[in-house]
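Good morning, and thank you for coming. Please look at the structure on the screen, and I shall then go through its features in turn.

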Amino acid sequence: MSFGRMHRKEDARFIRGRGTYVDDVKLPGMLHGAILRSPYAHARIVSIDTSAAEAHPKVKAVVTGATLAGLNLAWMPTLSNDVQAVLATDKVRFQGQEVAFVVAEDRYAARDALELIEVEYEPLDAVIDARTALDAGAPVIRDDLEGKADNHIFDWQAGDRARTDELFERAEVTVAQDMLYPRVHPAPLETCGALADFDKVTGKLTVWCPTQAPHAHRTLYAMVAGLPEHKIRVISPDIGGGFGNKVGIYPGYVCAIVGSIVTGRPVKWMEDRSENLMSTSFARDYHMHGEIAADRDGRIKAIRVKVLADHGAFNGTAQPTKFPAGFFHVFTGSYDLEAAHCEVTGVYTNKAPGGVAYACSFRITEAVYLVERLMDVLAAELGVDPAELRMRNLLKPDQFPYTSPTGWEYDSGDYPKTLRLALDMAGYDELRAEQAAKRARGELMGIGISFFTEAVGAGPRKHMDILGLGMADGAELRVHPTGKAVLRVSCQSQGQGHETTFAQIVGNELGIPADDVEVVHGDTDQTPFGLGTYGSRSTPVSGAATAVVARKVRDRAKLVAAAMLEASPDDLEWQDGKWSVVGDPSTAKSLAEIALAAHSNLELPEGVEGHLDAVTVYNPPNLTYPFGAYICVVDVDPGTGQVKVRRFVAVDDCGVRINPMIVEGQVHGGLADGVGMALMQVMAFDEDGNHLGASFMDYLLPTSMECPSWELGETVSPSPFHPIGAKGVGESATVGSPAAVVNAVVDALAPYGIRHADMPLTPANVWRTIDGRPFRTDLAIS
Amino acid sequence: MRITVTVNGQPYERDVEPRLLLTHFLRDELDLTGTHWGCDTSNCGVCTVQLDGVPVKSCTVLAVMADGHEVTTVEGLEKDGELDAVQKGFVECHGLQCGFCTPGMLLTARWLLDNKPDPDEGEIREAISGQLCRCTGYENIVRSIRWAAEAEAKS
Amino acid sequence: MQVPATFAYERAGSVPHALELLDRYGPDARVVAGGHSLIPMMKLRLAQPEALIDINGLSELAQLSVEDGELVIGSMVRHAELLAGAVATGPYPIFEDAERVIADPIVRNRGTVGGSLCQGDPSEDLAAVFAALRATAVIQGPAGVRKVPVREFHEGPYETAVGDGELLLALRVPILDGAGSAYEKVERRVGDWPVAAAGAVLQLDGGVIARAGIGLTAVGAEHFCAPEAEAHLIGKPPGAEVFAEAGRIAAEHCEPHSDQRGPADYKRHLAAELTRRALARAVERI
């Protein structure tokens, strides 16, 4: 058994500073690129003069939209079948949009040359507030699209509208709440970038790029640039955090490729932090209106939701084609109810494109936040304890597998048990008693609960594709004659520890130590096709592929072992990681013995060509549904509005844990994200479209001081849809925790009659909320 | 401008532009790419190195300011094939995930333990409060540094 | 990563040498100490000095001592040294309160007291601390040394009394026997600039307030101080009501601006609230 706590194999290089991130890669003759960006949110480009930049002694090339238009590369497809400008030709549509690309001998000179490019703009009115994007007379952002006369992208709905409306009409109690999940950014500490090397002789393009989806990038480059796909190699080296920020293809990547083709030399482009925050994939920006219908006993009957989704200037969300609002319609959460309906309208605004990023599991973050906030609003309306209200409505163990009112098939779980464990760990009753005593003294203490259900592991090919590419993952397993193995997978770690956990899966299936398994990933020339790592899909899809391919090896080893033992395969059993004749452990053959035999002159049985190697493609039969119960305790200073997160209890159920140490690490990180989003992270814009969070001075991320010492617990409900019963966990805590923090703060403010406050709950926001004068957190504060 | 900087005990003499940032000096001139960069505003701390034994954010120090001084980077922590206790602690306690903030965290941890061999959780949290980590939620970084403190106390 | 534009670089070997270099390069030269305000501005190309005069080698500016009943804090004293030095935090715990919340420990290892003050940021914590303490800035120029009360040091946002060709040498703080002091800051997150902050220094005589210093930052308080509120305190016994009234008066004389840290009315509220709290804590420490 190789499951369990095990130190990470990848740590050896990282603790020595020997990781290789994209900016660490250097090639002979390498040049450096820099991008000139728009200072305006919306403006027509009148002229661009690059002559002074071209005259700079260290500049090798200056590329503009006009250059690209000549190559038919000025626009590229987005992951949502829209198009996005690589370098602007007609207009700029958000502040920070790419306008020109300079290639120079070093990065300092490239930056200097940007100052020498003269661009004349004709500023246009900008659409900043999504709530006015569809107003008559609003400036039309996408006049590049033929016949486009408004800023509407899509309307989408899910669930049973008639039945839902009917339940609302006859409900004993209904509550409604407007809430904003503001625009946030994943902000991995390594920014995005690319190093492109086009070899004119061989016609081969190699791109080093910290991508979470190297194979998808290769295929898209083939489609965008018209290069033959076998002549493209994408290498995703060590990645300094991704969180969804490194899924898509950004204009800078295409510029680096064009720069290399134009100059005949390798070109590296690394964005700086402001570029990262201003132009690459943001997350959320969902303006939501939610309602719950319930009876007086607090049994919920139906949920109804309307969403206005701000997608920015180009619809670039990364999600399965069928679902323009991602998996938002899993918003019925963890509860047993009769009907539900949601409508989502997507709009263009003069902001950067994106929307699905930041560990959101394709918008489940928004869905969980919505339903968990609504539950607290209902609890306040009914005067029922929020834990009790949840307990009354949670799905029961005997309801699994459970089909939700919007069509999801939840796989497994004992929800009440998980909530009870969290309540016990927190000492919930004592906390409520402490809170009552404090309230009597005028002190503000809050306890917030979030019970989330995730849906991860996209996904079944019949339902899910991205730009027509099905979401199945390949795996290849090679067993060397001495029994050491090499696993090749398509997914790409950004810190999740795949080199360790995937080796553990193989080790567990084959009876060899995880240290005997090398995991190869991140190089499209060396790994099978697959869609990459996001949406917590690595363990559910590639991890399943790994188990399946290892079982293929094991099955083949059985045939070889039978030949070795001159027995029938039917008479063999797999015991303690070895094949042996049933009932005779002395005959046991280890994988190493069998592998050597498979490579020897042993006469091989039918069906075995000569070794044990195997390949597979895993098409998941269903998503997996990790879940959890989170409890947050906060203290609020009524005089200043400051919030202190005192405790955070998180009980996660992600099925079978391959390496509990890594699972806990994943949860820790996500909980910090939740504190960050709930209390400080936001990208607001002023009325001209100026980005008000374009550096780490203004876009605040939580430090060690805002994070409490996390208190973790676990329950284990194996997924029947996964070969080893595992579920993805990478995003669970990011999805589940913001609601717990906000619920805690709102609970603290209950003495003021407050039932809701939008994120982020900065001191100013909390104080103004107490004062009954909350402000819009997504706009400039005035 | 001609400068000599002693890095991890070895002097390096180079001609540099005055504007060259210490981060780039280490990464581009000396190929010591263990020192990373993550922001432009001295907020994230992934570029942290020790300058004369004190951690500083090398993206906000000019290479010429390090002329005649001693710099320690993550590459200098391992001595004679023996990992530093803080390096061991980060492995033992899963104090890293993507590894990008790790070098800076290790150098601050080393400095903390040099000056305060038995720090409590609050002191550790305060010491690393100028360095962001997006993966670990800081929990296991704190534990890793405590592990190192205890390991050094025993040895 | 963003990178600065080109500039000439000179390392000063002494104060006279620094002054000579400043004279040689003229008004487009800037003095660099820790560089943690200036270098990020240069990387963002919001500042493009033609020359940098590096004063990191001037150990004569790094003294932290008591002279003639005054605390002398050299302009090259680094934040971490001020925080660690009982010379300053002993008589005035306000230094410890403030320094613990200025930026972060790594930045404090490099950033200097003089650099922070000379940057002249309207949200500078130390500006409020020195205003509360009624410190004196010691400035040297071609014409010699001059002393400027710190309450006249800041002439506007990012503008100080240190003129072209001049160098801030030190801050001198009178040590008041038996004084209590404190600093209260609200920030959005550890390491952030203040949303608002207030410092207070109190000395009692015969049960009534004999001397009071109130410093405010990030709230548009003229010269980072609150003389009207200080006047209100003099001659009164310390107490919750009188402190609350002082806070109210201080807030009344502020002119905060709204930004993403908070709306103006909130900052004005904080000016009152934090003044009140700083006074209460200061008096506890007497």
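This is a predicted model: local features need pLDDT of at least 70, side-chain atom pairs count only at pLDDT 80 or more; totals for chains, interfaces and linings use all residues.

I begin with A:Pro760, which lies in the loop between α17 (732-748) and α18 (763-770) of chain A. Helices here are DSSP runs of H or I of at least four residues, strands are runs of E of at least two, and both are numbered from the N terminus. The peptide bond joining A:Met759 and A:Pro760 is cis, with omega about -10 degrees.

Residues are numbered from 1 along each chain as its sequence is written, and chains are lettered from A and ligands numbered from 1 in the order in which they are written.

A cis peptide bond also leads from A:Phe400 to A:Pro401, with omega near -10 degrees. A:Pro401 sits in the loop between α10 (386-393) and β20 (402-403) of chain A.

Next, the backbone at A:Asn72 and A:Tyr358. A:Asn72 is not a glycine, yet its phi is positive, at about 60 degrees; it belongs to the loop between α3 (65-70) and β4 (75-77) of chain A. A:Tyr358, also not a glycine, has a positive phi of about 65 degrees and lies in the loop between β19 (354-355) and α9 (364-382) of chain A.

Is each of them buried or exposed? A residue counts as buried if 20 or more other C-beta atoms lie within 10 Å of its own, as exposed if 12 or fewer do, and as partly exposed in between, with C-beta atoms placed from the backbone. A:Asn72 is exposed, with 10 such atoms within 10 Å, whereas A:Tyr358 is buried, with 25.

I turn to the domains of chain A, whose bounds come from an automatic or database domain assignment. The assignment gives domain 1 (11-124 + 192-270), domain 2 (282-458 + 622-770) and domain 3 (472-618). The C-alpha centres of domain 1 and domain 2 of chain A are 36 Å apart. Between these two domains, 16 residues of domain 1 are in contact with 21 residues of domain 2, contact meaning that the C-beta atoms, placed from the backbone, lie within 7 Å.

Finally, chains B and C: their contact takes 26 residues from chain B and 25 residues from chain C. On chain C, β1 (8-11), α2 (38-43) and α6 (105-108) each supply at least two residues of the side that touches chain B.
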